[in-house]
Amino acid sequence: MASNSSEAAEAASPGMPQLDFSSFGNQIFWLVVTLVVIYVILSRVALPRIADVLAERRESISNDIAAAEDLKLKAGEAEVAYHKALAAARAAASNIVEAAKAEIKVELAAAIAKADGEISDKVAEGEKVIQEIRKDALASVEDVAKSTASALIGALGGKDDAPSVAKAVSSEMKG
Amino acid sequence: MASEVNSEETGLVFHPMDQFIVEPLFGDGPVLWYTITNVTLWMALSVVAVVLLLVVGTSRRAIVPSRTQSIGELAYGFVYKMVEDVAGKDALGYFPYIMTLFMFIVCANFLGLVPMSFTTTSHIAVTAVMAMGVFLTVTLIGFFKHGFSFLSLFWISSAPLPLRPILAVIEIISYFVRPVSHSIRLAGNMMAGHAVIKVFAAFAGIAVIAPLSVLAITAIYALEILVSFIQAYVFAILTCVYLKDALHPHH
């Protein structure tokens with residue numbers, strides 16, 4: 001039966017199934033069904049959904065860009081604050097250094113003054129000691145001179161007259 | 001059957017048009033209007049393809065799209081922009097209509113490239129119904145929106161007055177030829193490419209010619225992939241152009 005119908009169709013339009021009018025009703029019916037189904041699916045489900053997704057994406061992208069701008073601004077502010085803090089810290093550090101230098105200078109001057117005082121004390125003390133030693137030495141020179149004079153007088157056979165010898169020695173030494 | 005007579009002599013069997021025969025899917029009965037045929041099957045598959053791409057593919061509604069969702073969005077944006085650019089912003093209400101035509105033609109064309117498949121868009125009955133649908137819709141929109149001033153589409157006011165009646169005749173003829181060219185362009189492109197592939201395939205029966213034949217099939221197949229998309233695009237963009245004429249008939 002199929003061969004009969006197809007043979008008939010081929011007789012009507014040799015080699016062109018497109019011109020076999022007996023199949024037109026079938027094709028048109030199924031085409032209309034197909035197009036209606038696709039139209040309903042697209043207009044009810046697919047197209048609104050895709051439009052939503054695209055709108056959502058556009059929105060989130062613009063939101064992200066705004067957020068990025070915001071963060072950039074904040075980063076700039078933070079940089080300015082950082083530089084400010086850095087400058088302040090530098091100033092504070094140089095102040096501290098100055099203060100420490102001044103303090104050290106004062107302390108140093110005090111210490112030097114104190115050391116100078118001690119040194120002059122020691123020098124004075126030493127001079128005093130030297131003075132005494134010198135006095136002592138002079139006294140002992142007188143003693144030695146007196147005893148030597150006494151001994152010389154004794155050895156020469158003179159009379160040992162101690163007070164007059166001592167007097168004579170002292171006047172001689174002063175002279 | 002001239003081709004079969006030829007084939008008896010050369011040993012070649014040419015049946016380039018057999019792929020277009022409409023036949024019942026189940027049994028051998030006659031093809032009635034409601035019979036489930038290979039047309040039904042391949043149209044249903046194109047519906048499935050559209051659903052897979054535009055419904056299943058976008059079901060996750062991802063902000064960062066998957067590949068399928070990406071393609072679906074690309075198709076959406078492509079047709080949306082085409083309607084907006086060609087037909088104008090006020091035509092966006094007809095966007096689902098044009099999207100339906102475009103998606104059906106694209107899916108049917110590409111499914112037709114599957115070996116052993118049936119190309120529904122290669123039939124003039126199918127393309128003519130779509131083209132007539134566009135023609136009638138567009139004409140009705142024109143009259144509905146502009147009344148009789150829609151006829152100024154044919155009265156080219158920028159032309160010199162004596163020429164206008166002649167131009168009007170030409171314009172009217174070209175207007176009524178639109179659905180014919182619109183439908184035959186698509187069906188003819190699809191049919192010709194598939195028939196040529198079949199003819200080259202038949203030549204592959206001769207061992208000497210076979211490598212050349214396979215090469216030619218490959219080349220034409222690549223061309224057909226291009227044609228499949230371009231014809232769907234052309235059909236959709238011409239629909240947009242006709243719609244623009246209906247919405248803005250004054251030149």
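**Close-up views of a two-chain predicted model**

**View 1. Helix H4 of chain B against helix H7 of chain B.** Helix H4 (residues 95-112) of chain B packs with helix H7 (residues 210-247) of chain B at an angle of about 165 degrees, and their axes lie 8 Å apart. That angle makes H4(B) roughly antiparallel to H7(B) (over 145 degrees counts as such). Axes are lines fitted to C-alpha atoms over the stretch in contact, with angles from 0 to 180 degrees between N-to-C directions. Helices are DSSP runs of H or I, at least four residues, numbered from the N terminus. The crossing of H4(B) and H7(B) is right-handed (the near helix is turned clockwise from the far one by less than a right angle). From H4(B), the contact includes B:Ile98, B:Leu101, B:Phe102 and B:Ile105. From H7(B), it includes B:Phe229, B:Ala232, B:Phe235 and B:Cys240. Contact is defined by C-beta atoms, placed from the backbone, within 7 Å. The residues of this contact divide into 11 nonpolar, four polar and no charged. Ala, Val, Leu, Ile, Met, Phe, Trp, Tyr, Cys and Pro count as nonpolar, Asp, Glu, Lys and Arg as charged, and the others, Gly among them, as polar.

This is a predicted model: local features need pLDDT of at least 70, side-chain atom pairs count only at pLDDT 80 or more, and totals for chains, interfaces and linings use all residues. Residues are numbered from 1 along each chain as its sequence is written, and chains are lettered from A and ligands numbered from 1 in the order written.

**View 2. The largest nonpolar core.** This core has 61 residues. Those with the most contacts inside it are B:Ile98, B:Leu101, B:Phe102, B:Met103 and B:Ile105. H4(B) gives the largest share, 13 residues. A nonpolar core joins buried Ala, Val, Leu, Ile, Met, Phe, Trp, Tyr and Cys residues through C-beta atoms within 7 Å. Beyond its neighbours within four places in sequence, B:Met103 contacts A:Ile38, B:Val50 and B:Ala75.

**View 3. The contact between chains A and B.** Chain B supplies 41 residues and chain A 36 residues. On the side of chain B that touches chain A, the largest share, nine residues, comes from H2(B). That side divides into 28 nonpolar, nine polar and four charged residues.

**View 4. B:Met17 in its loop.** B:Met17 sits in the loop between helix H1 (2-10) and H2 of chain B. B:Met17 is buried, because 20 other C-beta atoms lie within 10 Å (the cut-off is 20 or more). Not counting residues up to four places away in sequence, B:Met17 touches A:Gly15, A:Met16, A:Pro17 and B:Ala195. B:Met17 and B:Ala195 are 178 residues apart in sequence but 6.3 Å apart in space, C-alpha to C-alpha.

Methods:
Helices (H or I, at least four residues) and strands (E, at least two) are DSSP runs, numbered from the N terminus. Angles under 35 degrees count as roughly parallel, over 145 as roughly antiparallel, 65 to 115 as roughly perpendicular and the rest as oblique. Two residues are in contact if their C-beta atoms, placed from the backbone, lie within 7 Å. A residue is buried if 20 or more other C-beta atoms lie within 10 Å of its own, exposed if 12 or fewer, and partly exposed in between; C-beta atoms are placed from the backbone.
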